[in-house]
Amino acid sequence: MYEGKYPHKRYRITLDFLKKHISTKESILDLGVENPFSEIMKSEGYHVQNTQGEDLDLNFGSVTNSKTDVVTAFEIFEHLVAPFNVLREIKANKIVVSIPMRLWFASAYRSKTDPWDRHYHEFEDWQFDWLLEKAGWKIKDSTKWTNPTKKIGFRPLLRYFTHRYYIVYAERN
């Protein structure tokens with residue numbers, strides 16, 4: 001459906017999942033600075049505003065002051081030390097969030113050049129579900145997918161059938 005239009009499998013799956021649950025009539029606060037996917041959401045008719053790069057472990061102002069209908073967070077929570085805190089502060093009644101899953105055959109991601117680009121958490125699906133439920137969310141739908149690479153080797157082979165990404169639609173309890 002989006003072949004050629006969006007270069008990343010993750011973007012196509014995420015957009016399809018978002019469209020399944022969120023109407024373009026609903027306003028969205030997207031956690032994280034403006035990025036290629038927030039631009040895709042806008043081009044698809046969504047009304048999106050982004051946070052401004054503040055440390056969401058310490059500063060919840062953009063979340064608590066938001067009057068949007070939905071909060072999205074695509075590959076954000078793994079970068080936070082305490083994602084529970086920001087999840088509790090969300091005022092919207094709907095969230096769509098995705099995470100990279102923990103891979104048993106690879107260490108957590110850590111950039112060698114960017115001190116902010118590292119994963120403090122890489123969750124298993126049940127851990128992320130528990131976090132959302134404990135923070136007051138009821139999971140309504142979820143899906144997982146793989147992220148194969150074109151490299152040769154044992155770990156690239158494992159990526160063909162090991163889920164790497166997990167996305168959840170949840171509503172406030």
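When I speak of a contact this morning, I mean heavy atoms within 4.5 Å. With that in hand, please bear in mind throughout that what you see above is a predicted model.

Let me start with aspartate 141, which is found in strand β5, residues 137-146. Leaving aside its neighbours within four places in sequence, aspartate 141 is in contact with Phe17, Lys20, His21, Ile167, Val168 and Tyr169. With one of these, histidine 21, the side chain of aspartate 141 makes a polar contact of 2.7 Å. Is aspartate 141 buried or exposed? Its relative accessibility is 17%, and because buried means under 20%, aspartate 141 counts as buried.

Elsewhere, ring pairs link Phe77, Phe123, Phe128 and Tyr166 into a cluster.

Tyrosine 165 leads us to the next strand, because it is the residue in β6 that stands opposite proline 100. Strand β4, residues 94-100, has 6 of its 7 residues buried, so it is largely enclosed by the rest of the structure. With β6, residues 163-172, strand β4 pairs in the antiparallel sense over 7 bridges, whereas β3, residues 70-74, runs parallel to β4 and is joined to it by 5 bridges. Taken together, β3, helix α4 (residues 83-89) and β4 make a right-handed β-α-β unit.

Now let me come back to helix α2, residues 36-43, where phenylalanine 37 sits among the buried residues Phe37, Ser38, Ile40 and Met41. Why do these four lie on the same side of α2? They cover an arc of only 155° around the axis, and that places them together on one side. As a general point, an α-helix has 3.6 residues a turn, so residues three or four places apart point the same way. On the other side of α2, Pro36 and Ser43 are exposed, while the buried residues pack against α1, β1, β2 and β3. The N-terminal end of α2 is capped by asparagine 35, which has a side-chain oxygen 2.8 Å from the backbone nitrogen of phenylalanine 37, and just after the helix, glycine 45 takes a positive phi of about 100°.

Finally, a word on serine 62, found in helix α3, residues 61-64, and partly exposed with a relative accessible area of 24%. Not counting residues up to four places away in sequence, serine 62 touches Leu29, Thr51, Glu54 and Leu56, and a polar contact of 2.4 Å joins its side chain to that of glutamate 54.

Note on methods
Residues are numbered from 1 along each chain as its sequence is written. This is a predicted model: local features need pLDDT of at least 70, side-chain atom pairs count only at pLDDT 80 or more; totals for chains, interfaces and linings use all residues. Side-chain values use heavy atoms; hydrogens and water are left out. Helices (H or I, at least four residues) and strands (E, at least two) are DSSP runs, numbered from the N terminus. Buried means under 20% relative accessible area, exposed over 50%, partly exposed in between (1.4 Å probe, protein chains only). A polar contact is a pair of N or O atoms within 3.5 Å; within protein, one must be able to donate a hydrogen and the other to accept it, and residues adjacent in sequence count only if both atoms are side-chain atoms. Two strands pair if DSSP finds at least two bridges between them. A crossover is right-handed if, with the strands pointing away from the viewer, the path from the first strand over the helix to the second runs clockwise. The arc is that of the directions from the helix axis to the C-beta atoms. Rings of Phe, Tyr and Trp (its six-membered ring) pair if their centres lie within 6.5 Å; planes under 30 degrees apart count as stacked, over 60 as edge-to-face and the rest as tilted.
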